[in-house]
Every structure is written in C-alpha cells, then in structure tokens.
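User: I would like to learn how to read a few features of a structure. Please take them one at a time.

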Number of protein chains: 2
Amino acid sequence: MPGIEEEVVQQAGRAEAGAGTGDMSPEEFRRFGYAVIDWIASYLEDPTRWRVTPATEPGAVRDALPPSPPDEPESMSDVLEDFERLIVPATTHWNHPRFFGYFPSTGSGPGILAEALAAALNVNAMLWRTAPAATELEQHTVDWLRQLLGLPTTFRGVITDTASVSTLYALAAAREANAELRVRQDGLPGRAEIPRLRIYASEEAHSSVEKAAVTLGLGQSGLRRIPTDERFRMDPEALAAAIREDRANGILPIAVVATIATTATTAVDPVPAIADVCEREGLWLHVDAAYGGAAAVLPEMRWIFEGCDRADSLVVNPHKWFFVPVDCSALFIRRPEVLRRAFSIVPDYLTTAEDDRATNLMDYGVSLGRRFRALKLWFTLRYFGASGIADRIREHLRLARLFASWVDEHPEFERIAPVDFTLILFRHRPPQLTASRNGAAAGSDDQAAVEAALAEHNARLLEQINATGEVFLSHTRASGRYALRLAIGNLRTTEQHLAYTWELVRRIAGAT
Amino acid sequence: MPGIEEEVVQQAGRAEAGAGTGDMSPEEFRRFGYAVIDWIASYLEDPTRWRVTPATEPGAVRDALPPSPPDEPESMSDVLEDFERLIVPATTHWNHPRFFGYFPSTGSGPGILAEALAAALNVNAMLWRTAPAATELEQHTVDWLRQLLGLPTTFRGVITDTASVSTLYALAAAREANAELRVRQDGLPGRAEIPRLRIYASEEAHSSVEKAAVTLGLGQSGLRRIPTDERFRMDPEALAAAIREDRANGILPIAVVATIATTATTAVDPVPAIADVCEREGLWLHVDAAYGGAAAVLPEMRWIFEGCDRADSLVVNPHKWFFVPVDCSALFIRRPEVLRRAFSIVPDYLTTAEDDRATNLMDYGVSLGRRFRALKLWFTLRYFGASGIADRIREHLRLARLFASWVDEHPEFERIAPVDFTLILFRHRPPQLTASRNGAAAGSDDQAAVEAALAEHNARLLEQINATGEVFLSHTRASGRYALRLAIGNLRTTEQHLAYTWELVRRIAGAT
C-alpha cells in the first residue's frame, strides 16, 4: 500500500504517542488510514485487475499464516502488506463487475465510509440509552426504505444482519401470535395439548425458511412445501388444499411464507391469493423479498408487492440490491408488539429510565449487541437519492433483458425461466446432445438421458467458465433442469461486462 | 469535517467520473475518505470532548431528520456534516474513557481500518468458494484466540455477531446432540414421545440463556435457575438436586450453562464441579465467558478456565475486552459436527465443487450471509500482539482493584461483590440511612426498609452522576441490593479517569 514504507518513523510514533493505550496514535491512524483509503479507491476504480474467483485451493491461506499469534506487536505496515499479499489474492471479489453468482451486491463508497465511522463510534444499539442516535436512525432509515418501496404505513422496521435471521424472527413472531399455545412460557415439548405446528412455503422458497423451522423447534417436517406452477410460483389452490388436509389430520397451521423473487428462478408468488388463504385461515403471512423487493423502487415494478399490504411481515435486504455493504437486512412487521413478546427478556441491569417512552431494539430479536448498521443505509440512501438508486436498478433490469435476448437468439442456448428481475437461467444445448429432441416422440427414458447429459455438459461448462477467473456464475436446478445462473446487481456492471461474458461463454461452449 | 468545503468541485467530479455507476469516483472517495480518517483520528485522540451520554430526549433525532428520503442525490459534504451535527451529539460514546456501564469495549484503530477494508471487499463468507480467505482467516484467527486463552486443541471456533447468538447456537447443538429425539427432522410439538426438555443455569446467568430457551421452543420454563452461593456462584449440589428432581418428574435435562464472570457481579461458576455433574448426567456443558474469558490471556488469570477443557462449547467475545469493534463473538465447540447437524441445510444452488474438502461456514448457524469479521480480529491481534493485549488487560485489573480499594476505604461507601475482574459493584450508604444498621438487633422489617431507602437513594445518585455527562455507570441488583456498576474495559481508560470519576461520585453523594 502507498505510504507504508516509513516503518521506522511509525514504530517510533507508536512508542511515544500511543504508549498509554497500545492503540494507534492519531498520526499513525491518519497515515495508515490514508493508505487504506487509497487502497480502497484504487480497488474500486478497477476490480477487474483481480480474478473474480481466486486460483487457490482449500487450506492454502491457512498454510501461509503463522500457526500461532504473535507475542510482540507487529507494525501496521506488515499487517497491510499481508492483507494485500495473502488475503486479496485469495478473495472471491463480490465487488467485481463480472461477479454474477448468487445475488450480486455492492459495497458502495458511502457505505464503506459509514462502516468506518460506525466502527469508530463503536456503539451498541441494544438500548435507546446506549445509542440514541443509532436507535432512532435505524427506525427512521427503515421507514425511508418503506416509503421508497411503497409499503404500507402500518409497517414498522428493524434491521438484522441477514434475511435468514429476519425470517427466523418473523416466524418466531408467527409462533408467538398463537398466544394461547403459551410457547414463550411453557415451550413446545412434552405438552399433550400442543398439536404439530406447520409453516407453508413453495418448493422454490429459500433454505432459510427450513432453517428457521428447525431452529424454532418445528423441525423439517414443520415446513410443508407447496407445489409451483410452470413459472415456479406457489399454487394457492394447492396451499389451501394442504392446509385443509393438515387440519383434518390435527396439525395446526401457523404461517405461510410467500416469496417475491425466489433464489433459484426469481419467481413471484401470487401474494393476493395467498393473503386470501391466510386471512381465511388466520395464518401469519411472511413475505421474503430479500433480493427482489428493491425493484419496487421503480413504479413499473411496484406490481411485485401487490397484496403485500396484507402481509404480517416482510423482509428486504438493502445489502443485496441497494448498494449497502453486507450486512443489512430490513424486517418490516405490522404488529411489532408480537415480535417483542417473542423476544423481549429484560434483566434488571438492562432497565433504563426511558423504557416507557423509547424503543429498545434489543427487544426485537435474539442479539443483545447490535452494530450501528443504519449509518450505512442512511449514507447510501442520501448519496444516491431515490432517483439514483432507481436509475441503477432500472439499468440492471435492462441489462438482464438484453442478456436474455442474446441467449434467446442463439440456436445452441436455451433460457429456462422468465426474466422478471435480473436473473437469467440458461444452458447450452449443443447439437450432439439434442438428437432425441429432434427425433419424433422420444420416450421418457430418452428424455431423462438427455437431461442428465445436458446437466453434465453444463456443469462442466460452468467449471470451465469460472476457472478462467474472468467471470463468476453460479448454478441451480429449475424443474429438474440444470441451469447456469447469471444474476446482475453490482453497481459497476455495464453492458460491456455482459458482452465480454457472453463472448466468453460462447467461446468455451464452442458455440460462437 | 476537514476537506469538505469544496463542494462544487466534488459535485463536478461526481458528474464526470462516477456517471456510469452513481458511486463515488476514486478522487471523491479519496477526498472524503481522508476527511473521515481525519475525523476518526481526532475523535479517538480525545473522546472526552463529548458528553459520555448525550443530553437528548427520545424522538429528538427523528424530529431533526426529513420525514422522507431525498429524491435527488445529496453531496457527501452534506451527509458528513449531518453526521457531525445530528448523530455524534446524540450518541452515547462507548469509546469514551469514562464509559463504565455494562461491559465497556473499544473500537481500536486497527479494528476500524479492518472494518473499512471488509466493507470494500464486501465478501459474503457463506461458502468457502464465495470467500476463501475470509473463511480460512476466520478459522485461523479463532484458533489463535483459542491458543491465547489456553483452551484445548480439540475446540473449533466460528465467529458470530454476539454472545446471545453464540449461546443460541450452542444450545441448538445441545438439543441436536440428543439425536434420538429427532428434533431436526420431526420438531418438538405434538409428539407424545418427547418429554419436557430442560436447560440449567444459575440465577445470575445472562438473559440470553433464557432468550435462547424461548427461541428454541423450550420456553421460559425450559430453563431452570439454580441458586448461587454468597459469592454469586452456581451451587453444584443444588444443580445435581434439581436434575434429580426433574428426572423424577419425567423431564429430560439436556444442557447446563456455566458462566465465567456473570454480568451482574462477574462471578465465576465452579466449572469443575459442574462438569462432573454434566458428565455423570450426559448433559451438554456450555460456558458463557463472553466478557471475562479475555482475562485468560494472563497466566495469573488462567484459573478462570479450570474445568473448561471438559466443556462442549464456550463463548468469548473479542468485541468486549479484546479491543475489536462490535460485532465479533467467538463460539468454540468440541464437536462441530453436532452444530453442523443442527443448522446445515444446503439447497442445490449452494452446492460447490469443494464441499467435500472445505468448510462452508453457513453450515454452522442461522445466518447464510456472513461478513468478513475475522479481518478486524486478525488486525487487532497482530497490531497489539499477545503481550500488548495482556498488558492492557492486566492494567484494567489493576485499575479495578485500585477503585475497589478507594470504595473500601471510604466509610460512607460499601462494596457489594468481590472484584475478580474489572467490575466494581458499590453503593453509597449515608449516615442518615444506616441508623438501624448501627442499632442492635434490627428487625427484618427495618432491614427491608433500609434496603428500599438505599436503593432509592442510590438510583437517584446514579441518575445525578450520569446526568453530568462526565461519566456513565450502569446499575444492577446483587442479592436484592441495588448497586452502582462500574466496569473498566476501554483502552483509553487511565487512573486519572478513575480518580476523576471517584471524585465526582463522592461530590454528588455529598461524601467528600
């Protein structure tokens, strides 16, 4: 890094100014702080200097590190040099504009600076008293987010680390909403009067729903997967039938999780019809819009939230497609008092004089300690402005449609899911593997064999693509078909990056 | 902030260089990045320029913010100015050297710089493939921590956000360790063959244990509180008796939580005797050493971990007394495969080619998304070195004993718990409230009245002390007695800060 050569001066500076605390002196902090800022500026200017995924093998990083911690203090120069030498080259670069795996995200400039300031203040926003500004800024920025997405004024928001935790909290509230079960007080096991409890989500819903069911003690069988239609959307008729069947078998349904943009295919569940079922059956409706919800900042995409004003809770992750560095998930909830009942436990040493007139955010989840995550959301929303964020999301949607059109126009490639957001699922279908398709009335054995061959071929293709280090795609299966998964969401991704990627994919597939 | 006056230049720079992405141009990032670094350097140089707790009322911050997010982008100058104008003055300054509430912590220089770099890389360490360096550095630095604290080589560590979550994970593993219950698969409710499950912890154990019991579906009654001795330590005989009684009543004990340095009084539970009980009864032993565990870096404090080599899991928070910014909690576990069984759910889209030879950290908890928290732990451990950290912790222990001696020597103050760590519990006992104490054979009604009067007097005293903004103490109750709670743990706290505080406390109490 620039500015880290004068080690002798620095060490001397530390010995003098920081002797009492062991921490960096202001001069030292400034010097290395500038070096860090310079490095980040240069990094973000062109992350394509690095491979997207590193050419490293499991264990290589640990092998390069000393087996034991240093006894004596080390210089910040050495630490930063090792960061550049050992960490950066062994990093998968999520900020690389050709990172297209999973759902891309962006650590934007304003968000990065906010994280540095949050670490400096180092507040713990467990109680209003311990962090008045962080507490109120969290409530306020989440409400700004609510407004940006057109969500109802009745929703109150809290920030968690990830959508998995937001969904866990929402389903804990759903369990607590059945107050007559007295789950908080008496628990679930060994109580003859408690029936099996069940949550419903589509076959395409995220694994975090199942993880929440397991954590909350409902078990994997406490989640029932509902079939989807040809566009991977939950079938509300099948949902209603499943609930009827379960009730007939003495099972107590408690919640339905609908998804706005599923992870595998970005399908949008029919929330209005699902909300009808939930209202009729008295079930908690949680909406997982972790990635896709951001698109509602656009008037033309506001349709995705149709019916969500009837939800009990909804999660959107600003750290996914709102350019806020991880971690930042916003959980909206219509009856925050139920969430509070599910989690609030206040020992004497955590009572304060303001308890009756201020919100103590520790009451709304598992974690007592809470970082000042709202700061990066505030910085990012203000720096970009609603219009700035909308512009980028609109551009990403355009890029996705463009890439989809390239796939559609190519005779050897096949797209295997609709593109309503920024995810394109596609596969290579080389002529030699499509023989039976072209033949008349191929049997199902033939079809299965073709599918298996296509899966193997595309898995190999994916491996070869990612091995270049030039781009990173992930994969999924949709209706049993193996698909390459290209998702757009990084601020720095342009049409040129996509064209380069498409060229690379075709070249490796031998389908120019 | 310095360097933020040339707004016109900046806005022009943005229009040109960042037009494509909306993000800051490298020049703009450098300029505002330097301003942020300067601000932090100046902040940390002397946090005593601010009140420890702000003179702000609930709602004031929100009232000062625009009700809606900006439509157009705002300049970084305005954002940073508002940070200084609205946020900093309404912040409780955990980095203030006279912050003595709860357990103090420090956002150290190396940790702050690491957080900025982590936000820039913005990796999600859910899979090895998505973050090789972050994954392996997490495993490695947590192992360094294990070595520093003298914990057994059989312990494997993962980083979570907070001790509350670490304890939740440990108890989820304890539940899963009873594999024959099939909790993961079939859940707890509606199964006649599942008895009531129970966890044991002392009356002084942290509220997070109860919160974990509620979250996991065991309910508040799924936690049984064990009485403590005169030094607030769990009574192992009472533990054994409670387990016997519960078994006789058809309840299934599954885990015991022992605490090394409780929150209210820093009591150390007798782990060897508790481990005997756990081994005899086949129970999971979890040790909560969230704050106090750090002291084991000192040979003379290593005794606190006696018996902990027999624990199944143990939590220590580097963000408490190891000078790492929040959030960073280390969960050690002897059988990581049990934790994995409790939480691992892997959909097809999260499978990778390295799954059989690399650790995917998402498998060990609820959160799928995981920040690069190990970076700040690595920076901090290296910058301070083991000896540097030990020196500061030793100094904090000396300061605590010193403050305790001042309390002990003063006729009007009373210390009401042993000082084995850095927490001093004390109260003012003015002559006019101790009449009955000096009289012969005061009745229990008299004693209760004195206690109530002392509680009221000390609560008022605490309010007056904290209202000065010069220091911040919190409170607790120990054996029913209301106590002021002064904890030492910030890097910048010196003997002078304590002397100043003691002078202030005496002056306000009218007991100079």
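Analyst: Start with domains: the domain bounds used here come from an automatic or database domain assignment. The model is predicted. Chain A is divided into domain 1 (7-92), domain 2 (124-372) and domain 3 (382-509).

User: How far apart do the C-alpha centres of domain 1 and domain 3 of chain A lie?

Analyst: Those two centres lie 38 Å apart. The contact between the domains takes four residues from domain 1 of chain A and five residues from domain 3 of chain A. On the domain 1 side, the residues touching domain 3 of chain A are two nonpolar, one polar and one charged.

User: How do I read the packing of two helices?

Analyst: Two packed helices are described by the angle between their axes and the distance between the axes. In chain A, take helix α14 (residues 374-409) and helix α17 (residues 495-509): their axes come within 11 Å and cross at roughly 25 degrees. Angles under 35 degrees count as roughly parallel, so α14(A) is roughly parallel to α17(A). The crossing of α14(A) and α17(A) is right-handed.

User: Which residues make the contact of α14(A) and α17(A)?

Analyst: Leu399(A), Leu402(A), Phe403(A) and Trp406(A) come from α14(A), and Glu495(A), Leu498(A) and Trp502(A) from α17(A). By class, this contact has six nonpolar, no polar and one charged residues.

User: And how are copies of a chain compared?

Analyst: Two copies of a chain are related by a rotation about an axis and a shift along it.

User: Why do the copies meet through the same surface?

Analyst: Because 100% of the interface residues of chain B are also interface residues in chain A.

Notes
Residues numbered from 1 in each chain as written. Chains lettered and ligands numbered in written order. Predicted model: local features only at pLDDT ≥ 70, side-chain atom pairs only at ≥ 80, totals over all residues. Contact = placed C-beta atoms within 7 Å. Nonpolar A, V, L, I, M, F, W, Y, C, P; charged D, E, K, R; others polar. Axes fitted to C-alpha atoms, helices over the stretch in contact; angles between N-to-C directions. Helix = DSSP H or I, 4+ residues; strand = E, 2+ residues; numbered from the N terminus. Parallel < 35°, antiparallel > 145°, perpendicular 65-115°, else oblique. Left-handed = near helix turned anticlockwise from the far one by under 90°.
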